[in-house]
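Here are some notes on how the strands pair, as you asked. Please read them with the structure open beside you.

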Amino acid sequence: MSKLSSILFSSVAALSLAPSLALAQATPPADAAASGTQVETIVVTARKRSEDLLTVPVAVSALTRADLEVRNIQSLDDVAKFTPGLTDDQANAGGARADRSFQQLIIRGMNPSSTVNPTASIFINGVPVASADLLQSLDDIQRVEVLKGPQSAYFGRETFAGAINVITVDPGATLGANVSATAGTRNTYKITGSVTLPVAGDKLTLRLGGSYDTHDGSYKNAFDPSQTLGDQSTATLHATIIAKPFDNLTIKAYGMYLRDNDGPAATGIYLATGAGAFNQGNCAIAGSTTTNYFCGTLPALIRSVSPAQVTTIAPSVNFANATQSFLNNPGGIVSGSDLVKKFGLVRNAYHGDLDITYDIPSLGVAVTYLGGFNHNDWSEVSDLANLDGGANGQYPGYTGFPYEVQSRAHDMSHELRIATDGKKPFRALLGASYIDAYAQEALGVAFVGPGAMTPSGPTQSKTAGVFFSLAYDITPQLTIDFDGRYQSDKEIAFVSPGVISAQGTSNNFLPRASVQYKFDSNAMAYFTFSQGVNPGVFNSQYSTLPTASQAELNANGSAGGLLVKPEKITNYELGVKGRFLDGHLTLSADVYYDKWTNQLNANNYNFAANDPANPYNVVGG
């Protein structure tokens, strides 16, 4: 990252008016109960406490357990299909490998320029998850909450554009079990199951479950027609324990293990410049006779050539193809069961969270500790050229471009908060949080040699924050809220594990204020002002530049030279929520304006020494 550009971003959301299909946690409104109509409410935790979705001054889309089942939602990609303003991008920022090596969740179109700086984060039971890849399967989920707009005041780091909180199912106090199975074409099989065990009545309950999901791809490999591209399989195991050893104390622990084992990805290629007889370019610019471009509508894929991956694994050390010795090379950062042994992807991931809540009725407050950890190791090998390698007479002698990526990421977080019980006109919350996240990647090209894997320097982020919330009911209809977080982000880059090459810290105060007015018990309007921040990154080549060139970067976006200033957002939002027609119709609509400043952009600059015409020695940019 060599320079930062400032961009003004604004957007207006479309109004949304739709009947509720399936709701959860039944609490009938007073008017509905009086009329004899049973209407259920969706309870969300957008402000670290349980509230009716239609009374929270935040734009929230929630999918309940019934929604997930009725709509056959099995992944975060499926969640995005049913959530306005949410996109699941698996080919972002140049990583156009159509596999499951990473996911980028984009809220309200705020697409990050780099995969290492997401604008929205995932949480499981309120615990931050460093990578959305860990949630490849939504198994035994009670609810998915998509919070739109800056959520920094409550959720902290990398909730610049929003947050997604996935709530798992709690075990009940009654013995029970369920199992479901699915079979379909393309060798599609899925089985899920869970069992609830009341070990000691409602004092100690346990829920165990798991799933296995597999299917073949939808495309034949043009290199090898007997093989499909896009094969995927996922296995998960999970457990939840809830203990209530004595009155007012509740302890909930959740753990999950996930393993992905995929085949070569289904990726197609368009040939604009012409390779062999397959030039698909449909126009030339400025009379060019050698270079063609795509103009207007893109052509269809040439099925005999693409999608294709050269998936041969040769047994020798002739690296015309990916070889077994390359796949077993010792130069990477993952090994054993985490290391891919063929074209495709292997992932092993773990998650755990712990929620301890102690209620103090005499004081009208509750004290909560929330902690968790995540670990995500994966490796994948793909043919980046995506050509057929001559299997059907095209590109004779072509051998592909086998490329391996290995990734390791882990994090640990802690949060402690104290909050009033919400039974009085004045409500308050005070908390502190800390997150420590570590990541490293290694890259390699098969035909270079068995030691070709090149690990990058690890990176580490340490984020500490103190946050609060104050709310007051001026009248039964009018409520004001003021929330905020003071956050310190420390970024560390390593030359090698344990050897620091650069570090920097940015400190920010992130407020959110709202006013809401209740027309009656079933409808309200709100106005919210909020700000968010995304931590900065390093200008990786900064230390190698001349002094004058460093001064140029300092004047245009670097905080203290190496660390780029964090990007910021200011949000203004007006919304209306309510139930109408005896609860048969719900309305949740909002319009917003966002100002996005100091947007993180990756730009390349060339620096030429001793140029008298340029005092900063800058050429191009």
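1. In this predicted model, strand 13 and strand 16 (residues 232-243) are joined by 12 bridges. The two strands run antiparallel. To find the pairing on screen, look for Arg207, which stands opposite Thr240 in strand 16.

2. Strand 13 (residues 204-215) is also joined to strand 12 (residues 188-202), here by 10 bridges. This pair runs antiparallel as well. A residue to look for is Pro198, which has Thr205 in strand 13 opposite.

3. How many residues lie between strand 12 and strand 13? There is one residue between them, and the two strands form a hairpin.

4. In which sense do strand 7 and strand 10 pair, parallel or antiparallel? Strand 7 (residues 120-124) pairs with strand 10 (residues 162-168) in the parallel sense, and five bridges make up the pairing. One of the positions to check is Ala120, whose bridge partner in strand 10 is Gly162.

Definitions and conventions
Residues are numbered from 1 along each chain as its sequence is written. This is a predicted model: local features need pLDDT of at least 70, side-chain atom pairs count only at pLDDT 80 or more; totals for chains, interfaces and linings use all residues. Side-chain values use heavy atoms; hydrogens and water are left out. Two strands pair if DSSP finds at least two bridges between them. Helices (H or I, at least four residues) and strands (E, at least two) are DSSP runs, numbered from the N terminus.
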